[in-house]
Amino acid sequence: MDPPFNEIYKNLLFKQITNTENNVPQIPFSFSVTAVVEEVELPVIDVSRLIGGAGKEREKCKEEIARASREWGFFQVINHGISMDVLEKMRQEQIRVFREPFDKKSKSERFSAGSYRWGTPSATCLRQLSWSEAFHVPMTDISDDKDFTTLSSTMEKFASESEALAYTLAEILAEKSGRKSNFFKEKCVRNTCYLRMNRYPPCPKPSEVYGLMPHTDSDFLTILYQDQVGGLQLIKDNKWIAVKPNPHALIINIGDLFQAWSNGMYKSVEHRVMTNPMVERFSTAYFLCPSYDAIIECSGDCPAYRNFSFREFRQQVQEDVKKLGYKVGLPRFTNHLY
């Protein structure tokens, strides 16, 4: 069932690790931040007020969303409109598909080539290794495979309801930053977005190996449904904060594109997933992405970032990961004119 982590990465796992900080140039700040304070609950926002609340309550809710996006880059939403039945079915279906033998998963044709991923092909040290496996699925791939009709229909339902929530949140954030809110429905259409099903197997070296290495998301925003195992951490005030799971909430985080589009008003925050020596962890994420040709145009009189296409951004990320072993992201696109 598990990918062959021990076999493929045995040299990284079992050799004596010394001075690994010198093995990679330009170590990202987050890799050197090791202090974890406490397990905290992210800001929790009841988004039912957007529909059923009075005018003042709606505006208060919108401001809470914008404030959390400015100050945390992460928040939780409850009464979000996605039923627990859909979420539980999503969890059950992803467990079922990950339970398949590795050879079957890795060669599966139910999604496009390259959708199944595990480990970190470019890893040269433990710090760069992600102890996880995933199906990263373009929305166009969710088809009616006769052997997985339950999986396909469940993914479709989860994606449709996540899409509606993503549009609502993105339009509010656009409004609060003074931008046009119709941008997302025009540029982030169904076939440009993604679902990612994640599994984090038990790891023999949880203090040395990440489930998912520190990174920011290369999208506008992400909607995450996770189980109650825990392991998600984010940087707040130069410290790693462990996120306390909430069984009733979905986690929302701002991506790089929203930070650039809002001229830094909203924060795309580095986050990571820690491994567990005994327990596996599951999560499902929906990524609100534009078409590859969409231009991310920074707002304001003094834009912090130059204009760039989503294609250019993704290509730069892939190039950096291949060359350096990690993503650089938005610092590659800063505007040097200001």
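**View 1. Phe98 and Phe282, two buried rings.** Phe98 is buried, and Phe282 is buried too; that label goes to residues under 20% relative accessible area, with exposed meaning over 50% and partly exposed in between (1.4 Å probe, protein chains only). What you're looking at is a predicted model, where local features need pLDDT of at least 70 and side-chain atom pairs count only at pLDDT 80 or more, while totals for chains, interfaces and linings use all residues. Residues are numbered from 1 along each chain as its sequence is written, and side-chain values use heavy atoms, leaving out hydrogens and water.

**View 2. The ring pairs, starting with Phe308 and Phe333.** Phe308 and Phe333 make a tilted aromatic pair, 4.6 Å centre to centre with 40° between the planes. Rings of Phe, Tyr and Trp (its six-membered ring) pair if their centres lie within 6.5 Å; planes under 30 degrees apart are stacked, over 60 edge-to-face, and the rest tilted. This pair links distant parts of the chain, 25 residues apart: Phe308 is in strand E15 (residues 308–309), Phe333 in the segment after helix H11 (310–324). Helices (H or I, at least four residues) and strands (E, at least two) are DSSP runs, numbered from the N terminus. Phe308 is buried at 1% relative accessibility, and Phe333 is buried at 1% as well.

View 3. Phe98 lies in helix H6 (residues 84–98) and Phe282 in strand E13 (residues 281–288), so their pair ties together parts 184 residues apart in sequence. Ring pairs also join up a cluster whose members include Phe5, Tyr9, Trp118 and Trp131, along with Phe98 and Phe282.

**View 4. Charges over tryptophans.** The charged end of Arg179 sits over the ring of Trp261, 4.2 Å from its centre. Lys236 lies over the face of Trp72, at 5.0 Å from the ring centre. To count, NZ of Lys or CZ of Arg has to be within 6 Å of the ring centre and within 35 degrees of the ring normal.

View 5. The structure holds 0 disulfides, a disulfide being a pair of cysteine sulfur atoms within 2.5 Å. For Cys193, the closest cysteine sulfur is in Cys188, 5.7 Å away, so it's too far for a bond. Cys193 is buried at 0% relative accessibility, and Cys203 is buried with a relative accessible area of 1%.
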